[in-house]
Amino acid sequence: MKKGKLVLKDGSVYEGALFGGNRNAIGEVVFTTGMSGYQETLTDPSFCDQIVVMTYPLVGNYGCNPVFNQGKRCFFQGYVIGDLCDCPSNWRNEQSLEQFLEEQNVPTLVGVDTRAITRKLRKYGVIQGVIVPADMPEAEVQALLAMPEVHNQVKTVTTPEIYTMGDGRLHVAVMDYGIKQNILNYLVSFGCHLTVFPAYTSAEEVLRYNPDGIFLSNGPGDPKDLPECIEQIKKMMGKKPIFGICLGNQLLGLANGADTYKMKFGHRGINQPVKDLQTGKIYISSQNHGYAIDEKSLEGKNIRVTHISCNDGTIEGVEYLDHPSFTVQYHPEACPGPGGHEYLFQRFIDLMGGGK
Amino acid sequence: MPKLANIKKVLVIGSGPIIIGQAAEFDYAGTQACRALKEEGLEVVLVNSNPATIMTDVNIADRVYVEPINAEFIENVIKTERPDSLLATLGGQVGLNMAMELEEKGVLSEYKVRLLGTKIDAIRRGEDREYFKDTMEKIHQPVPESVIVETIMAACQFGRKIGYPLIVRPAYTLGGTGGGIVENEDELVDIVQKGLSYSPIGQCLIERSIAGWKEIEYEVIRDAADNCITVCSMENLDPVGVHTGDSIVVAPAQTLSDKEVQMLRQASIDIVRELGVVGGCNVQLALDPYSDNYYVIEVNPRVSRSSALASKATGYPIAKVTAKIAVGYNLDEIENAVTKKTKACFEPSIDYIVLKFPRWPFDKFVTADRTLGTQMKATGEVMAIERSFEAAMLKAVRCLEIGLRHLEMPELKSLSDDEIRAKIKNIDDERCFVVAEALRRGITMEYIHDITKIDLWFLSKINNIVKMEQKLATEELTPELLRKAKQYGFADKVIGNIVSKDEFEIRALRKANGIIPTYKMVDTCAAEFEAETPYYYSCYAQEDEVEVTPRKKVVVLGSGPIRIGQGVEFDYCSVHCVWALKDMGYETIIINNNPETVSTDFDIADKLYFEPLTVEDVLNVIDKEQPEGVIVQFGGQTAINLAGPLAKQGVKILGSSVDSIDQAEDRERFDELLTKCEIPRPKGHTCFTVEGAFEAAHDVGYPAMVRPSYVLGGRAMEIVYNDEELDHYMKYAVKVNNEHPVLVDHYIMGTEVEVDAICDGKKVLLPGIMQHVERTGVHSGDSIAVYPPRSLSEHIIELIIDYTNRMALGLEVKGMINVQYIVRDEQLYVIEVNPRSSRTVPFLSKVTGIPMVDVATKCAMGVSLKEQGYRAGLQLFPDYYAVKAPVFSFNKMSNVDIVLGPEMKSTGEVMCADYKYSRALYKACVASGINVPHEGAILMTVADMDKPEAVEIARGFEELGFKVMATKGTAAYLKEHGVEAEIAIKVSEGPNNIIDDIKAGIIGMVINTSNHGRDADRDGFKIRRSTVEHAIPCLTSMDTARELQRVMSVMRRRRVVSVVALQDLEDEF
């Protein structure tokens, strides 16, 4: 393997061995603390255009298998890990992670002090960075770092065409802003049949299908990049019950006049505690978000906070009192991460009148 | 929910003495729990018979009862203290069983004591096999299918239904006799046929065999509001079949996909919820390596050894959180003590790998069966933290202190490839080393996997270590290669051996190239949040995150894994040393690697480095921290052994100097000192040849104590009585040569006396003197010790004070000194001197009220006794007696002779105090687990030389109403001297023999001494082992027998149960 480096905009440099992808990686550098589920993370479209640092140093232990894919491919800009396993072992192992990353064309930096990067990000917040060959001249590195930030990742990850899935009784219209496979699987397992729409489909078209409910998916990037989508959501509100996850949570919030903000370094991991304010119960959840709904912006609105993060008190779920809609910021569908959130899907089913 | 309102006073039950399977982890858990309860303003009453613990310090609980953990005694404590509640899930199985017994006996309801945390019913659901199975079936959690059969037909039917392999366990046979794993129906028929005949009730349990599956554990915490989190997953390197306590364990699980991780996590949570556990709980699962099938193996509805490991592995304080939950808090109301910003209701995420390696006592029990199976055999364990498996494994090997620095055993080198292949099959303590050796020989991973079922992931990592060895051997040692080798965890010494350089040359080369370790923090959250835990591990990475302060610092070396001869008492000393230094205003830094102990709790020292205790690893920390110096005298032999090498590298040893240590340990120099101080010792010589040994023995006179000079701690030490025995010893027990001389000393049979004293360099403080019940020849750690002494003359006591003074000053001791003496015919002889803290320091500190380690630490740092407010000399004896009794784990070790001798065999100790000596000793016997008989026969079978002493003892038991039985020779002798004894039939004499009588419960106690030295006495060995298996006392020293008989006689018509809190010892008596 050749030598490579991750250079952050503040000038810090982290060296390692470089492979996978015959391109430079340029993007926002984020870290995730999950100790398992690397393939699910790699194929989660919400990470589109980011350089992802794994805090857990041993990666690739159980190889890869298509059943773990959450999206149609890996949308990472780059990948930074401590120790790449060269002898994966698991009965599901069909391909080594190294091969997977080569195949997916992901520039990967290995043998890196990922904890050092995490500490940096924790302190300074997410930051632009590049993964480049170690011998790249400084001026060239600076030029890459100076490139403008990329927006509108939803365009890249959403389905180009409408498709359907499942054959259950309830019909759910799924707005795909970069949806994870397991959300679709969950909805189907709860007795739904799904029509999945490209992110920019108009409300009229969606409603023409006369679904029992509308689902707003997770997805990458800043929700404020998507004014067109927000406009369409406004037109759907009140017409059908709505359930949203992650980006879907932020978009519905914006559609209802709430505000969102960019968090310092976000929540990315599978150990995040969330409190359900209605029951007082704590749930351990999978999370992957860099933006959140601003609590102050909810003042005077008919929106109730239903879930908060036990770590920092930020909003993890809201419900709308004027129309039958609720959303969560975290990932009840897990993959990677812990289950135990089925009640949210059930609530959606109930709202659609299917609970009997 | 906030704290429960009606709780004011909580009774906490500890786990008692250290035995195999229940070690220091409960001192750690119990100490955390007591502190957590006190933080809540609750009054804490503690019962624990183990004096060597921090938990039984008077500042940990408000009322400390060092009393037997036994329903009668605890009821008495309840009666005296009237606690309103009981916390029993932090005292191991002992504590849990005690709570169940108290509940069953109605004690809890009678005194209105409420059980905190997990309720009795939940405990039963977890503990009772059938109840557990039903509960699991109810929630569709699979348990291995099983059936109890009485016919071969029924067994075959089950086999056809379930498939093979199956495990057959005959009911009620000891040690699973007659059972086994069967692969097909023919084998099943064969084994069941035998099993049914072995079983006294004609039953066999047949169970699906899951041997070879992956063994996964989860630590789960649930609060009363049903919030439930998992602290950590753990994966055993050894597949199902080896007790988890004997397995190499990594955290988090390594070979599981997220799907599998989540499946087992959810199963664990579902189980804990259904059981209704409130607090910490451990769930063990078996996962098929080739599918998503799994089985629930076991649940421990309490804080366990694995909880301690998970706590140290993640930084999440399970015991503390369990205690807070028990008094009513929910997880989101408890602070995360590590980050102090987040709450306890989260799941730790770690950014390193943790590896636990067990420490087995086979170095002491050389005859023991080393096979690992369902019975745990390890006495302790070490833990290593690193950023790769390879480095974690090599660090752990260095932590073990088994004379190895690498995953390589020199003994295996001489074996042929075929022998290595054959050895891979053995599931024993050496398996990992054999695997590495096999890989070195080019035996494939697949071959090893087929036999061992160890996951290929682990094998490939071990293979990476082997590949690195080869790389170092064949390539030039460039800085890049050196760095890579260090990242793989190779010690400087190991690299040096491969490239023909010494350890310090490699060290210099490393430093010249800037290859120095970086230290990372254990923070529960993979750096997501800022943490304040000063808990660090080393690795070779880019960034070091330790902030070195400008304060004055001292490094305290811990004592590593718990093993026979070096137990929890040294951890006690390390912790107290840290506290004393903190008190003096120093920044304290502790280096240790034992995950079970209090010293490795992150809030003990100002900084904790979780590292091996080798010169390289310690020097690295010293380079980093630049302390004033290092204190070695509290970390047992582990730390003492490091003093010389560290001093040689320019490190300042605080307290007694390296020269003092050397003077006490080097025989010639020690003899010079004694001569100079005019102190007598048993006559002895150092011998370099067999002939020399005979000459020496004749010169000093038999009996003689013989031992190799190069091993410490009583290893291979024997008493020989004649030429024949000496010849046997020289032939079979040692190899004598110029480098490894043998020491031959005259053996003086007499009373053994032990003193722990403190010297500031000018004055000597003797907190107390302990007298042993057993005569010289029984290792001091295995003797019953009594404080204050009962039968020493004023003359001897004055000599003890005088000699101790002379030696402490002669050795220029600054801190602790331990001296062992023999008293014989009003003469005092010295047998051993150690200028360090000893095993008896916690005991003596507790019963004298003098915080000995604290005082000694201050002396070591230059504060005189006078300045500390202590008067030199022997302190006044109290009006009470305290007895320390040894505790053994023989029932865990088959094929080990239980006879007491110069080699230490006990794993733990208990203490009891009373104003009446007899009661103190009787209580100590009860606490140590001796089932003092009340009826039945006393069997005596003693060596010729002990027969005269046997008469009086036999007569005593006869007077107490016991029937005396004896083997022919002993019986004849007793009869001659007027004691009628029924003749017992020796094992070799045919049926209805002694062992049958023991089995039948006719014999209630055995007094057995054997002819010296050799293992010839097979009959005696069988009798002794059978007493272990039937849990009846077997006394192998005439002194113990005599003392117990006297005490039984005194206590006959007296109250046995009487309890006293340590806090009241001074006032009450």
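Colleague: Which residues of H11(B) are buried?
Modeller: Keep in mind that this is a predicted model. In H11(B), the buried ones are B:Ile318, B:Ala319, B:Lys320, B:Val321, B:Thr322, B:Ala323, B:Lys324, B:Ile325 and B:Ala326.

Colleague: And why is helix H11 of chain B described as largely enclosed?
Modeller: Helix H11 covers residues 318-326 of chain B, and nine of its nine residues are buried, so the rest of the structure largely encloses it. Buried here means 20 or more other C-beta atoms within 10 Å of the residue's own.

Colleague: What do the buried residues of H11(B) pack against?
Modeller: Two helices of chain B, H1 (25-39) and H10 (305-314). Strands E4 (85-87), E10 (214-222), E11 (228-236) and E13 (279-287) of chain B are also packing partners.

Colleague: What follows H11(B)?
Modeller: B:Gly328 does, with a positive phi near 115°.

Colleague: New topic. How is chain A divided?
Modeller: Into domain 1 (2-149) and domain 2 (154-351). Their centres, taken over C-alpha atoms, are 27 Å apart.

Colleague: How many residues does each domain of chain A bring to the contact?
Modeller: Domain 1 gives 23 residues and domain 2 gives 23 residues.

Colleague: Which elements supply the domain 1 side in chain A?
Modeller: Strand E3 (25-32), helix H1 (38-42) and helix H3 (114-124) of chain A each supply at least two residues. E3(A) has the largest share, with three residues.

Colleague: What about the classes on that side?
Modeller: The side of domain 1 of chain A that touches domain 2 has eleven polar, eight nonpolar and four charged residues.

Methods
Residues are numbered from 1 along each chain as its sequence is written. Chains are lettered from A and ligands numbered from 1 in the order in which they are written. This is a predicted model: local features need pLDDT of at least 70, side-chain atom pairs count only at pLDDT 80 or more; totals for chains, interfaces and linings use all residues. A residue is buried if 20 or more other C-beta atoms lie within 10 Å of its own, exposed if 12 or fewer, and partly exposed in between; C-beta atoms are placed from the backbone. Helices (H or I, at least four residues) and strands (E, at least two) are DSSP runs, numbered from the N terminus. Two residues are in contact if their C-beta atoms, placed from the backbone, lie within 7 Å. Domain bounds come from an automatic or database domain assignment. Ala, Val, Leu, Ile, Met, Phe, Trp, Tyr, Cys and Pro count as nonpolar, Asp, Glu, Lys and Arg as charged, and the others, Gly among them, as polar.
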